[in-house]
Amino acid sequence: MIVIGVLLLVGAGVGFYLMRNARSELHAMIGAETLPVPQLEMLRKASDDIGARGSFRKQCEVVGAAHPRPEGVLVSELSKTECVWYRYEVKRHYEKVRHQDGHRRKTKHQEVVAKHTSWEGYALRDDHGVLIGVDPNGTAPDRPEQVVSRFEPHRPQGLNLFGIQLPNIFDSSTTIGYEYTEWVLRPGHRLYILGEVHDKIGPLVIGKPERDGHFIISTRTEDELRKHRTQLHRWLSVGVLVAAPVGLVLIVLGAILR
């Protein structure tokens, strides 16, 4: 009972953190302006005119279509899809065998054996046809396109005798198989980005704020994101309000009944 109570309190703490983050992101989206790139260029020029070249900073939102970097498109590892960003993950599914009270029990587990997220920058072409650089810095976009989702059973190879494949009866591997998943952003995909625009390297780039602020790259619209964060905040609030007092009650009852 005490253990369950502690777990509920921990869950309430995590839920409270996520609730605050969802509210903070929602307020950031409400407070940020959606600016076209030509207007950002004008603001940058004004900054240059007062002698602050390379020091321009502006937290805002930009929207447009994903565009490859000057070096060209990326090619994803698993599906070989042309894209501007990709992420893949390979999980090994396996069994563990343990003996308890004279019984042989099997439990299934999984572990990540390989994963990678592309770090290369790309660009966004706004509705005026003007480009702005995007520095993802390892940030995964919200709701990218999933292009690979498959499971391949593990089939250990036995001895090949006179062209006949024999089963490997001596294989003691507990591997069940491997799960492959991959996500991409293709060129032309519509994006919403909340972040900080700067000119540290010369051309305008939007990326993660140097200090306080949120960085969101999403294939959803701002309205869709706002609705999602509002619903998430509401459900987390209910969860925290229920889990925290119930957890405390279970801990107190458990201590009394020990």
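1. Start with the side chain of arginine 186: in this predicted model, it makes a polar contact with the side chain of glutamate 145, at 2.7 Å. You'll find arginine 186 in the loop between strand 11 (175-185) and strand 12 (190-198).

2. Is arginine 186 buried, partly exposed or exposed? It counts as partly exposed, because its relative accessibility is 33% and that label covers what lies between under 20% (buried) and over 50% (exposed).

3. Now look at who else is around. Setting aside neighbours within four places in sequence, arginine 186 is in contact with Ala66, Thr81, Glu82, Cys83, Glu145 and Val147. Have a look at cysteine 83 in particular: it is 103 residues away along the chain, yet the two C-alpha atoms are separated by 4.2 Å.

4. On to the nonpolar cores. The largest has 22 residues, and Leu40, Tyr122, Ile132, Leu191, Ile193 and Val197 touch the most other members. Helix 2 (37-49), strand 1 (57-67), strand 6 (122-125), strand 7 (131-134), strand 11 and strand 12 each supply at least two residues of this core. Another core, of 8 residues, lies apart from it; Cys83, Tyr86, Val148 and Val184 are among its members.

5. Zoom in on leucine 40. Not counting residues up to four places away in sequence, leucine 40 touches Leu35, Phe56, Lys58, Cys60, Val62, Ile132, Val197 and Leu204.

6. Last, the rings. How many aromatic pairs does a search of the whole structure find? The count is 0. Still, check tyrosine 180: the charged end of arginine 150 sits over its ring, 4.8 Å from the centre.

Key:
Residues are numbered from 1 along each chain as its sequence is written. This is a predicted model: local features need pLDDT of at least 70, side-chain atom pairs count only at pLDDT 80 or more; totals for chains, interfaces and linings use all residues. Side-chain values use heavy atoms; hydrogens and water are left out. Helices (H or I, at least four residues) and strands (E, at least two) are DSSP runs, numbered from the N terminus. Buried means under 20% relative accessible area, exposed over 50%, partly exposed in between (1.4 Å probe, protein chains only). Contact means heavy atoms within 4.5 Å. A polar contact is a pair of N or O atoms within 3.5 Å; within protein, one must be able to donate a hydrogen and the other to accept it, and residues adjacent in sequence count only if both atoms are side-chain atoms. A nonpolar core is a set of buried Ala, Val, Leu, Ile, Met, Phe, Trp, Tyr and Cys residues joined through side-chain atoms within 4.5 Å. Rings of Phe, Tyr and Trp (its six-membered ring) pair if their centres lie within 6.5 Å; planes under 30 degrees apart count as stacked, over 60 as edge-to-face and the rest as tilted. A charge sits over a ring if NZ of Lys or CZ of Arg is within 6 Å of the ring centre and within 35 degrees of the ring normal.
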